[in-house]
Amino acid sequence: MPALQDSIDAIRIAAAAADRMKATDIVAFDVTEPLAITDAMLIASASNERQVLAVAEEIEKDLYLKAGKRQPRSREGLTEGQWVLLDYGDFVIHVMHQESREYYRLERLWKDCPSIDLQLEHAGDEQKPTASSEA
């Protein structure tokens with residue numbers, strides 16, 4: 001279980017970075033059992049293409065600086081603007097344009113996975129992240 005806890009700790013750092021960049025929705029899932037592809041997955045939605053890239057860059061920076069110099073083993077979608085996928089091996093971070101979220105094919109799998117309580121501060125904002133899979 002220590003590996004999963006390390007993943008969750010890193011996911012919380014990534015979620016805080018996404019929250020700072022005003023991501024519109026932030027949800028993390030423990031996907032160990034249902035998907036068996038990784039330990040955890042963070043999904044952050046953004047309202048426009050520029051914000052998608054800004055959220056992804058902030059997450060990557062914070063995970064490097066605050067989570068033991070973690071670097072993704074692969075990056076996809078950095079030139080697209082509609083989505084960015086950062087694969088850290090034991091967890092995956094997906095930042096996507098809010099409008100494309102409803103079309104994302106893995107969404108139906110995430111909704112059956114247990115969500116992780118991110119406990120975000122929301123500096124200067126009272127809005128809480130949702131734990132649902134709704135866009």
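This is a predicted model: local features need pLDDT of at least 70, side-chain atom pairs count only at pLDDT 80 or more; totals for chains, interfaces and linings use all residues.

Student: Why is Leu 78 called partly exposed?

Tutor: Its relative accessible area is 40%. Buried means under 20%, exposed over 50%, and partly exposed in between, with a 1.4 Å probe and protein chains only. Leu 78 therefore counts as partly exposed.

Student: Where is Leu 78 found, and which residues does Leu 78 touch?

Tutor: Leu 78 lies in the loop between strand E3 (74–76) and strand E4 (83–87); helices (H or I, at least four residues) and strands (E, at least two) are DSSP runs, numbered from the N terminus. Not counting residues up to four places away in sequence, Leu 78 touches Leu 53 and Val 84, where contact means heavy atoms within 4.5 Å. The C-alpha atoms of Leu 78 and Leu 53 are 7.0 Å apart, although 25 residues separate the two along the chain.

Student: What makes the aromatic pair of Tyr 88 and Phe 91 stacked?

Tutor: A search of the whole structure finds one aromatic pair. In that pair, Tyr 88 and Phe 91 are 4.9 Å centre to centre, with 15° between the planes. Rings of Phe, Tyr and Trp (its six-membered ring) pair if their centres lie within 6.5 Å; planes under 30 degrees apart count as stacked, over 60 as edge-to-face and the rest as tilted. Tyr 88 is buried, at 8% relative accessible area, and Phe 91 is buried, at 0%.

Student: How do you know that Asp 62 forms a salt bridge with Lys 66?

Tutor: The closest N and O atoms are 3.5 Å apart. A salt bridge is a side-chain nitrogen of Lys or Arg within 4 Å of a carboxyl oxygen of Asp or Glu, so the pair qualifies. Asp 62 and Lys 66 are four residues apart in helix H2 (residues 49–66), and therefore about one helical turn separates them. Asp 62 is buried, at 3%, whereas Lys 66 is exposed, at 55%.

Student: Which parts of the chain does the salt bridge of Asp 87 and Arg 73 link?

Tutor: The side chains of Asp 87 and Arg 73 meet at 3.3 Å, N to O. Asp 87 belongs to strand E4 and Arg 73 to the loop between H2 and E3, so that distant parts of the chain, 14 residues apart, are linked. Asp 87 counts as buried at 16%, and Arg 73 as exposed at 62%. Elsewhere, salt bridges that share partners join Arg 20, Glu 58, Lys 61, Asp 62 and Lys 66 into one network.

Student: What makes the span of H2 close to the expected value?

Tutor: The expected span of a helix is 1.5 Å times one less than its number of residues. H2 has 18 residues and reaches 26 Å from its first C-alpha to its last, close to the 26 Å expected. Among its buried residues are Val 52, Val 55, Ile 59 and Leu 63. H2 is followed by Gly 68, whose phi is positive, near 70°.

Technical notes. Residues are numbered from 1 along each chain as its sequence is written. Side-chain values use heavy atoms; hydrogens and water are left out.
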